[in-house]
Amino acid sequence: MLNAADTRQVTVLGLPDLSAAFDCVDHDLLLQRLEHGFGLADVVLRWIHSFMSDRTQQVAYGGQLSTTRPLLFGVPQGSVLGPSLYILYTAELEHVVTQHGMRLHQYADDSQLYLHLTVSDTV
């Protein structure tokens, strides 16, 4: 942005709200992307599948516990692997953004889309 400002350009910044994004990861689609997009196979894919499968959740509120429910989507939060799996899951986003002349900066589920324009292009 500083380099753009030095050349009398403005920066347009978009901050998409991807709240609860970790909870929306489709396990089957993630495994397909890991296999076909990143070349992971065999033992590694089975390990990741095992890491994500057979998880449950339960809510405690007012001293009461809800019934236990299976987690069919999402990557484990609070783990080291969760953010990495999410970034690999959304890796295609960078290609789409680049094709439209923008840039992308990501850290876990925080994304920033930006592009530089001349002042006359903003009118």
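Select helix H4 and pick out Gly82, Leu85, Tyr86 and Tyr89, which are buried. Look down the axis of H4: its buried residues fall within an arc of 100°, so they line one face of the helix. The model on your screen is a predicted one.

**Aromatic pairs**

How many aromatic pairs does a search of the whole structure find? The search finds two. Phenylalanine 22 and tyrosine 86 are both buried.

Next, select tryptophan 47 and phenylalanine 51. Their ring centres are 5.7 Å apart and their planes are at 10°, so this pair is stacked too. Tryptophan 47 and phenylalanine 51 both belong to helix H3, where they are four residues apart, about one turn of the helix. An α-helix has 3.6 residues a turn, so residues three or four places apart point the same way. Is tryptophan 47 buried or exposed? Its relative accessibility is 51%, and because exposed means over 50%, tryptophan 47 counts as exposed.

Return to helix H4 (81-89) and move on to threonine 90, in the loop between H4 and helix H5 (92-99). Threonine 90 has a relative accessible area of 13%; buried means under 20%, so this residue is buried. Show side chains here. Which side chain does the side chain of threonine 90 make a polar contact with? The partner is the side chain of glutamine 106, at 3.3 Å.

**The sheet**

Now select E1, E7 and E6, named in the order in which these three strands form an open sheet with antiparallel pairing. Strand E1 (9-14) and strand E6 (103-107) are the edge strands, each pairing on one side only. From one strand to the next, the twist averages 25°.

Begin with E1 and strand E7 (residues 110-118), which run antiparallel and are joined by six bridges. To follow this pairing, select glutamine 9, which stands opposite threonine 118 in E7. Then select glycine 14, whose bridge partner in E7 is leucine 113.

Cross to E6. Five bridges join E6 to E7, and these strands run antiparallel. Tyrosine 107 stands opposite aspartate 110 in E7. What do E6 and E7 form, and how many residues are between them? They form a hairpin with two residues between them. Select alanine 108 in the turn, which has a positive phi of about 55°.

Finally, bring helix H5 back into view. H5 lies across E6 and E7, and runs at about 155° to E6.

Key
Residues numbered from 1 in each chain as written. Predicted model: local features only at pLDDT ≥ 70, side-chain atom pairs only at ≥ 80, totals over all residues. Heavy atoms only, no water. Buried < 20%, exposed > 50% of the residue type's maximum accessible area, 1.4 Å probe, protein only. Polar contact = N/O pair within 3.5 Å; in protein donor to acceptor, adjacent residues only side chain to side chain. Pairing = 2+ DSSP bridges. Axes fitted to C-alpha atoms, helices over the stretch in contact; angles between N-to-C directions. Contact = heavy atoms within 4.5 Å. Arc of directions from axis to C-beta. Phe/Tyr/Trp six-rings, centres within 6.5 Å; stacked < 30°, edge-to-face > 60°.
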